[in-house]
Amino acid sequence: MSEKKQQVSRRQFLNYTLTGVGGFMAAGMLAPMVRFAIDPALQPQSKGDFKAVAQVDEITNEPQRFDWTIDQTDAWYESEVTKSAWVYKQEDGSILALSPVCKHLGCVVSWQGNSDYPEQFFCPCHDGRYYKSGENVEGTPPPVGLDIYEHKIEDGTLYLGKAKPREGA
Amino acid sequence: MQWNKKDIEQYIEVKEYVDTLVIPLTPFTLNADKEMVKQASQAELMEIYAKEIERQFTGRILLLPNYTYQTVNETEEKRLNEWINYSEDNPFKHVFFITFDHQWKKVEKGIEGNLIWLPTISISEIGSQDSVKLIKEQVEQVTELIKSYW
């Protein structure tokens, strides 16, 4: 090993330090930016919004009503809000959970609520009707179909999340 | 719909669909301790009932604020009838008074609207599973009753 090789020239030294310091500063600037950019992905994906509602083996081809409560906090008080859904197994075996809130003015609809219209959801307030799929029956007051709950199944339990309006609604 | 800004603004848009008024009647006393406790707990319960009924029929019912009074007498009876006339002009078809106070039951014939008197259920804890179930069942019966008038 010659002494000369180990020596760092002035130019090299400056290069190293400047790159080092510059890199450090750049990292200092970029790190928070990256953090902000990926922040939505880091959020605990609203997992708490899903609530256990029913056991999957309770669910049949016939819509059944399930109720559950969620804690809702607004500026003044925390309260328990009751939620309901009409849940059934569709022909392909997948589960459909419909919001019971009428899209006309917000009354609660019920499955076969009127004996004149079997196999339909019926709203007692203004005779709004929906097919089993939740689609609104043309010519009755509701302008769109019933909202659909996000759902997932874990260990034989059905969890429901938020009710989402239909596509194109 | 409830008596708050958001609902009333919506009500104004869709007046023709809302034809039923619901007015809870809740008494109050200030000089009898036991009675006060009873009335307060009934008032609490009434709020739950009223909200629950309103939730079932949001699009057709307007839930007014509670009417508070000391005792049922002719003046109060007359007042209810005045409201019924007033609401029919403006233009509600059905008026339901809902109460736990049995004194109203006696003067029911003189009231031109529909009086729904509910027997009180004494429940120790309003939030408990059993009481929720009980209340739900009673609400269901009341909503059936209201439906039969439509």
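Colleague: Which residue forms a salt bridge with A:Asp67, and how far apart are the closest N and O atoms?

Modeller: A salt bridge is a side-chain nitrogen of Lys or Arg within 4 Å of a carboxyl oxygen of Asp or Glu. Here B:Lys136 pairs with A:Asp67, with the closest N and O atoms 3.5 Å apart. The count between chain A and chain B is one salt bridge. This is a predicted model, in which local features need pLDDT of at least 70 and side-chain atom pairs count only at pLDDT 80 or more, while totals for chains, interfaces and linings use all residues. Residues are numbered from 1 along each chain as its sequence is written, chains are lettered from A and ligands numbered from 1 in the order in which they are written, and side-chain values use heavy atoms, leaving out hydrogens and water.

Colleague: How many residue pairs are in polar contact across the interface?

Modeller: A polar contact is a pair of N or O atoms within 3.5 Å; within protein, one must be able to donate a hydrogen and the other to accept it, and residues adjacent in sequence count only if both atoms are side-chain atoms. Between chain A and chain B the rule finds six such residue pairs, both residues at pLDDT 80 or more.

Colleague: How many residues of each chain are in contact, and what area is buried?

Modeller: Contact means heavy atoms within 4.5 Å, and 12 residues of chain A meet 12 residues of chain B in this way. Buried area is the accessible area (1.4 Å probe) that two parts lose on being put together, summed over both. For these chains that is about 1100 Å², with carbon and sulfur atoms giving 52%. On the chain A side, A:Leu105, A:Pro124 and A:Cys125 lose the most area to chain B, together 41% of what that side buries.

Colleague: Is A:Thr140 buried or exposed?

Modeller: Buried means under 20% relative accessible area, exposed over 50%, and partly exposed in between (1.4 Å probe, protein chains only). A:Thr140 counts as buried because its relative accessibility is 11%. A polar atom of its side chain lies 2.7 Å from the backbone oxygen of A:Val137, and one lies 3.4 Å from the backbone nitrogen of A:Arg129.

Colleague: Which residues have the most contacts inside the largest nonpolar core?

Modeller: A nonpolar core is a set of buried Ala, Val, Leu, Ile, Met, Phe, Trp, Tyr and Cys residues joined through side-chain atoms within 4.5 Å. The largest has 32 residues, and those with the most contacts inside it include A:Phe121 and B:Tyr49. A second, separate core has 20 residues, among them B:Ile23 and B:Leu80.
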